[in-house]
Structure formats: structure tokens, C-alpha cells
Amino acid sequence: MGSAAQSIDTIWVLVCTVLVLLMQAGFVCLETGLVRAKNSINVAIKNVLDFCVAGIGFWLVGFGLMFGASYAGLVGSSDFAFEVPAGGTVNTAWIMVFFFFQLAFCSTSTTIVSGAVAERMSFRGYVITAAILSMMIYPVFGHWAWGGIFEGEAAGWLERRGFVDFAGSTVVHSIGGWIALAAILVLGPRIGRFGYGGKRIEPHDMPLATLGMFLLWIGWFGFNGGSTLALNASVPNILVHTMLAAAAGGIAVTSVSWVRKGLPDVQSALNGILAGLVAITANCHIVTTSNAVLIGAGGGLVCYAASALLVRLEIDDAVDAVPVHLAAGIWGTLAVALLGDASLFPAGHTRVEQFGVQALGVAAAGCFAFGVSYVVLRIVDRFLPLRVSSDAERVGLNIAEHGASSALLDVLGAMEGQAARGDFSRPLHVEPFTEAGEMASRYNLVLDKFNSEVRIRERTANELRDARDVAELANASKSQFLANMSHELRTPLNAIIGFSEVMNGELFGPIENERYKDYVGDIHKSSSHLLSLINDILDLSKIEADRYELYEEELEVFDVVASCEKMMRHRSEEAGVNLVVTVEEGLPLLMADKRALRQIVLNLVSNAVKFTPKGGNIELAAFLEPDHRIAFRVADTGIGMEKKDIPVAFEPFRQIGKESSVYSTEGTGLGLPLTRALARMHGATLVIESEPGLGTTITIRMPHERTMLAEQKIAS
């Protein structure tokens with residue numbers, strides 16, 4: 001019976017070992033799916049090589065350091081590169097099974113790092129890191145926690161204190177996570193991940209990553225189930241707890257991401273499942289089923305929070321290996337004391353005492369694994385740079401590190417090259433009967449359509465350019481004609497105005513008929529209005545023809561506003577409108593054209609009078625803005641206008657609203673267009689705020705360089 005039981009145990013551990021080795025395939029699928037296609041081959045070969053390095057390194061050095069004769073509970077000192085007779089014997093079978101199982105664990109811890117450092121660590125640098133982990137850091141800490149497993153008697157110093165880590169939440173996963181953290185801190189983030197324009201780098205194949213997660217999940221049953229080293233009654237409990245913890249971690253993280261983002265995040269869900277598996281690994285043999293669910297959910301949530309923290313700290317973990325394996329591993333190790341059955345603690349500790357031992361193990365792992373790896377990697381990086389060049393990172397490590405590509409990558413590279421050059425004139429090469437060829441073929445159809453549209457648009461643009469040139473020439477001719485015509489009309493109009501003033505003054509005798517006197521007054525008023533219109537046309541034409549010149553000088557704002565008030569006071573009183581004028585005291589001098597500035601203010605006030613009903617109010621104000629710009633504001637309680645009508649107000653000879661809404665017939669219809677043109681010539685801004693029935697506020701803000709402050713005047 002003893003021999004039969006041993007055979008069953010041997011078969012069970014061998015089966016579990018194969019399941020653990022299946023996790024290597026899971027890591028390959030998960031990590032290659034979560035990185036960009038241009039780095040997928042590099043990540044895959046790193047997973048292959050780290051398994052090779054871990055296998056040979058663990059046989060040469062690691063197994064002896066971990067399970068050899070203990071030296072002061074710190075390190076093993078025998079069984080390095082051990083030899084077994086050819087053919088094997090009953091006596092050597094179990095040690096070979098045990099070595100095989102532990103080698104699979106070592107390779108699992110090693111491969112954790114490959115995902116975290118993906119897309120920017122050189123192949124040479126990764127092989128060095130894998131060797132350091134598998135031949136030194138992992139086996140030394142493994143001796144502290146598991147050194148006496150093979151002999152059945154505690155050997156390592158942590159093991160002697162009663163430290164519990166059943167299948168390696170800390171020994172395997174946290175150790176790999178600590179080294180991954182050290183490596184990504186030495187390497188720095190990927191190009192484009194953080195900083196200006198930085199963003200999340202999206203995975204290229206989530207279905208492949210999902211397959212990888214399932215392979216890991218299946219392999220984990222061997223990971224935890226085989227750690228009994230026997231097919232006994234505890235195995236079913238361990239397997240069920242492993243299953244439930246993973247499911248709870250996935251549900252917890254999916255729920256949180258769904259609530260926070262409005263959609264369930266796929267990568268977060270996968271990581272939540274893996275974090276639940278990591279968390280249950282340390283304690284699956286001493287917890288109840290309900291506590292296994294709590295531990296798995298807690299592992300998922302700890303992982304989610306740790307992932308967000310890394311992003312906030314701008315620490316770039318390409319596949320969230322640190323949150324999954326380090327953060328969840330710490331939680332699972334501490335959960336031994338928090339949620340485990342105290343009666344099953346190996347040293348008979350109380351729950352508080354056991355928590356202290358568990359915390360000590362977590363701290364020891366962090367100080368040793370992170371400290372040693374960070375220092376060693378820094379030293380190695382000084383002599384053999386661990387990170388690839390920026391050019392290699394941009395082109396992708398598949399090509400830069402291995403000269404490897406694929407039809408799909410060739411197509412994507414050609415598309416990126418066209419985008420970089422801005423040249424889309426040539427179609428892509430089509431590889432027949434391939435998926436990439438189909439993609440290139442469809443892309444070429446898009447290129448054909450694009451180039452056809454470009455040719456049409458270029459032809460249209462040329463036609464529009466010719467039409468614009470013709471329009472500009474016609475506009476210049478129109479402006480020149482208006483300027484000449486306006487100039488010719490001003491002379492006879494001035495004569496008419498003069499004659500009407502003489503007749504009104506009755507210099508040659510009284511006008512007997514009162515009706516004639518009214519006619520003369522109408523002639524004078526109409527002629528003055530027409531002259532004002534012609535002057536505005538002349539000014540606007542000069543501006544459009546770029547012939548209007550500003551005669552700039554230092555002006556007292558108060559004087560300009562006061563002169564405008566004198567001219568507008570009578571008009572506002574005639575219209576029955578209350579005009580209030582305020583000028584802020586101590587305003588600095590303003591560099592501007594006096595005539596143009598007066599024209600701006602007069603036009604704004606005149607326009608306000610025109611559209612304000614009798615009994616309304618108009619405010620003219622001049623003041624200094626906080627940024628030292630001098631501003632003029634005219635606010636009225638007039639009819640106002642809709643927001644959509646404001647652009648119309650700047651069109652010559654356009655009126656807003658019905659005639660019955662206009663309370664004064666004064667004005668030329670050119671006030672606002674001319675005001676805006678004169679303001680622009682001064683570099684000023686014009687802002688209109690208006691509400692129908694409530695009034696309009698127009699603000700002119702002169703540029704701050706036109707404000708002549710005291711220190712500017714002294715300097716000049």
C-alpha cells in the first residue's frame with residue numbers, strides 16, 4: 001500500500017507539474033495579446049528563453065540554494081548540479097518529481113517579469129534579469145520560506161517562525177512582482193505612454209490574451225493542487241477554492257470598472273481573475289469556502305487599485321504584472337492570518353502573532369527581492385544598457401531585436417510609412433491568399449478613392465482660387481469706384497448744405513412762406529444725412545482698398561469721450577433717451593487715431609440712440625481692464641436682437657427687426673461695419689452682447705500695447 005500510495009502521489013505531482021508548465025503557454029498568449037503587434041514576437045521568444053534559462057539555472061544553482069542543506073536558515077549549501085544515475089531508481093524517482101515541480105514554479109516566477117518590461121527591454125537585458133531571478137533571488141528567498149519542504153522539517157528562518165505561503169503568493173508571485181517593479185523603474189515608461197500627449201497603449205489581440213488567461217487558470221489547478229505533494233483529502237477543497245477565488249476576482253473587478261467607466265473593461269476583468277488566483281495561492285488549504293471567495297474578490301480589488309496607482313505615479317507596467325502578482329500576492333499572504341483557520345497555523349500562533357509573521361515575510365521579500373534586483377539592474381544598465389534605443393522602440397522589437405516580421409506587420413509598417421511621409425500615391429504590395437493581403441487589397445481600394453477625391457478637391461480648389469482672384473479684383477475696382485464717386489459727390493452736397501444754411505439764416509431777407517422754411521430745413525437735414533452716408537462710404541472704401549491711414553498720437557481718453565458727449569447729448573435729448581457718461585479716473589494715455597476713435601464712439605452711441613425707445617437709458621463708459629487694456633462700453637436698454645442676427649448687424653445697409661422697432665431715423669446703416677473696421681485697424685476687439693427686449697452692450701477693447709502707462713512714458 002505504501003508503494004502504491006507513493007506511486008499515486010508521484011503521478012499526481014507529475015500531472016500537476018505539466019499543468020504548471022501549461023501556464024508558460026498561458027503567459028505567452030496573455031502577454032503577446034496585451035502588447036502591440038510589432039513587439040509580439042519579441043515577447044513570445046522572451047517567454048521561451050526565460051523558461052530555458054530558469055530550467056538550466058535552477059538545476060545548476062537554484063535547487064541547491066533553495067533545498068540544499070541549510071546554512072543558518074539563510075541559504076542551501078548542497079545538491080548543486082546534482083547527478084542521477086542513468087535509468088533512474090525507486091529511490092531517485094521522488095527527488096526528480098520534486099525537482100521537476102519546483103523547476104516549473106521557478107520558471108513561473110521568472111516569466112512574470114517579461115510582461116511588465118515588454119516593448120522596451122532589450123533581449124540581452126532580459127536574459128540577464130531572468131538569470132539573476134532564477135539562480136539567485138528566487139531560490140534564496142525560497143529557502144527562507146520553503147527550505148525544509150522536501151525533508152519535511154522547517155529549515156529556512158521564515159519557515160521556522162511559522163510563515164505560511166502554501167503555493168507561493170509571495171515566494172513565486174510577489175518575488176516576480178518585486179523584480180518586475182525594479183526593472184520597470186530602471187527602464188522607465190514606453191514612448192508615448194505618459195507626458196505630453198501620453199495615452200494608454202491598447203492591446204493588439206484581446207481574444208489571444210483571453211485564451212492566455214484561461215490557460216493560466218487551468219494551469220493554476222496544478223499550481224495549487226500539486227503543492228500538497230500528495231493526492232489527499234485536501235486536494236478537492238484546494239481546487240474548488242482556487243476556482244471560486246478566480247471567479248470572485250473577475251466579478252469584483254468587472255463590477256467596479258463597469259460602475260466607474262460605464263462599460264466593463266476587458267483587460268481589467270482578465271487581471272481581476274488572475275489576481276484572485278494569486279491571492280488564494282498562499283491560503284487555499286486553510287480557509288473556508290466563503291472566505292476563499294472574499295480573498296479572491298479582495299485580490300481583484302487590490303489589483304485594480306494598484307493598477308490605478310501605477311498610472312497616477314506614471315510607472316509603466318505593460319501588462320499590469322505588478323498589480324496582479326505583487327499587490328494581490330501581498331494581500332493573499334496577509335489573508336492567511338486575517339481569514340485562515342487559526343487552528344491550522346503550523347506554529348500554533350494566535351491570529352495577531354501569525355499576522356506579524358506574515359507581514360515579516362512580505363517585508364523580507366520586498367527588501368531582498370526589490371533591493372537586490374534594483375541595485376544589480378542599475379549596475380548592469382550602466383555597462384550594458386537594458387533599454388533599447390528610441391528608434392528600435394518605435395520600429396518594434398520584433399524587427400529591431402530579431403529581424404522578425406510577418407505579412408501583417410509588413411502591411412502595417414507600410415501604412416505607417418505612408419502616414420509618416422504623407423505620400424499616399426502608391427498602393428501597397430498585395431500578398432495573395434493571405435489575411436494580410438486581403439487587408440492590403442482593401443486599403444488600396446481606400447487609397448484609390450482617397451486619391452480620386454484629392455484630385456477632385458485640387459481641381460475645385462484651383463477653380464475657387466481663380467474665382468477669388470477675380471472677386472478680389474472686382475472688389476478693389478468697386479472700392480476705387482466708390483471712393484472716386486463719393487469724392488465727386490461731396491462738393492455739390494457741401495454747396496447744397498451751405499445754401500440751405502444761408503436760406504435758413506435769412507441772410508437775403510425773410511422767407512415769407514413757412515412751408516418753404518420747412519422745405520429748406522428738410523433739404524439741410526437730408527443733405528447732411530447724405531453727406532454723412534457718403535463720408536462713411538468713403539471711409540469704408542478706403543479701408544477695404546487698404547488706403548486708410550491712421551494718424552496715431554497720445555490721446556487723453558477723457559477729452560475724446562467729452563467731445564463725443566457734446567455731439568451726442570443733443571441728439572439723445574431729442575430722442576428722449578437718458579445718456580450717462582462715465583470715465584474712470586486716472587486713465588493712462590491711449591495711442592490711437594483721434595478722428596477714428598471719435599468715429600467709433602459716435603457710431604456706437606448713435607446706434608444705441610437709434611434703437612432705444614423714448615425714456616430708455618444709454619451708458620457710455622471708458623475704463624481700464626485688469627490686464628491694462630483700455631476699453632469703451634456702450635450699453636442701452638433698447639430693442640436688442642437675437643444671437644443669430646448679430647452677424648447681420650455688421651453687414652452694410654442691413655437693419656435688424658421691423659421698421660416699427662426703429663425709434664430714430666438717424667444713421668446710415670454703415671455704423672457698425674465701419675466701427676468694426678476701424679477697431680480692427682487699431683488691433684482692438686469688438687464684443688456684442690444682446691437680448692431681445694432687454695438691450696445691447698457693445699465693448700471695444702484696445703490692445704494693451706496701446707496703453708501708455710507711466711513707466712512706458714518715462715522710458716520714451
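Student: Is M243 buried, exposed or partly exposed?
Tutor: This is a predicted model. In it, M243 has 37% relative accessibility, so M243 counts as partly exposed. The cut-offs are under 20% for buried and over 50% for exposed.

Student: Which helix is M243 in?
Tutor: Helix α8 holds M243.

Student: And which residues form the nonpolar patch on the surface?
Tutor: The patch is made of V240, M243, L244 and V293, and their accessible area together is about 270 Å². Helix α8, residues 234-261, gives the most to this patch, with 3 residues.

Student: New topic. How many aromatic pairs are there?
Tutor: The count is 19 aromatic pairs. One of them joins W220 and F223, with 5.7 Å from centre to centre and 50° between the planes, which makes the pair tilted.

Student: Why are W220 and F223 separated by about one helical turn?
Tutor: Because they are 3 residues apart in helix α7, which covers residues 206-225.

Student: Buried or exposed, those two?
Tutor: W220 and F223 are both buried.

Student: Which residues do ring pairs link into a cluster?
Tutor: F58, F63, F67, F82, F98, F99 and F150 are linked that way.

Student: Now strand β9. Why is it called largely enclosed?
Tutor: Because 5 of its 7 residues, in the run 695-701, are buried.

Student: Which strands are joined to β9 by bridges?
Tutor: Strand β7 is joined to β9 by 5 bridges, antiparallel. Strand β8 is joined to β9 by 7 bridges, also antiparallel.

Student: What stands opposite I698 of β9?
Tutor: I688 does. As for I700 in β9, its bridge partner is F632.

Student: What phi does G693 take in the hairpin of β8 and β9?
Tutor: A positive one, near 85°; that hairpin has 3 residues between the strands.

Notes:
Residues are numbered from 1 along each chain as its sequence is written. This is a predicted model: local features need pLDDT of at least 70, side-chain atom pairs count only at pLDDT 80 or more; totals for chains, interfaces and linings use all residues. Side-chain values use heavy atoms; hydrogens and water are left out. Rings of Phe, Tyr and Trp (its six-membered ring) pair if their centres lie within 6.5 Å; planes under 30 degrees apart count as stacked, over 60 as edge-to-face and the rest as tilted. Helices (H or I, at least four residues) and strands (E, at least two) are DSSP runs, numbered from the N terminus. Buried means under 20% relative accessible area, exposed over 50%, partly exposed in between (1.4 Å probe, protein chains only). Patches are made of residues with over 30% relative accessible area and no salt bridge: like charges are joined within 9 Å, nonpolar side chains (Val, Leu, Ile, Met, Phe, Trp, Tyr) within 5 Å. Accessible areas come from the Shrake-Rupley method with a 1.4 Å probe; for residues, only the protein chains shown count as cover. A salt bridge is a side-chain nitrogen of Lys or Arg within 4 Å of a carboxyl oxygen of Asp or Glu. Two strands pair if DSSP finds at least two bridges between them.
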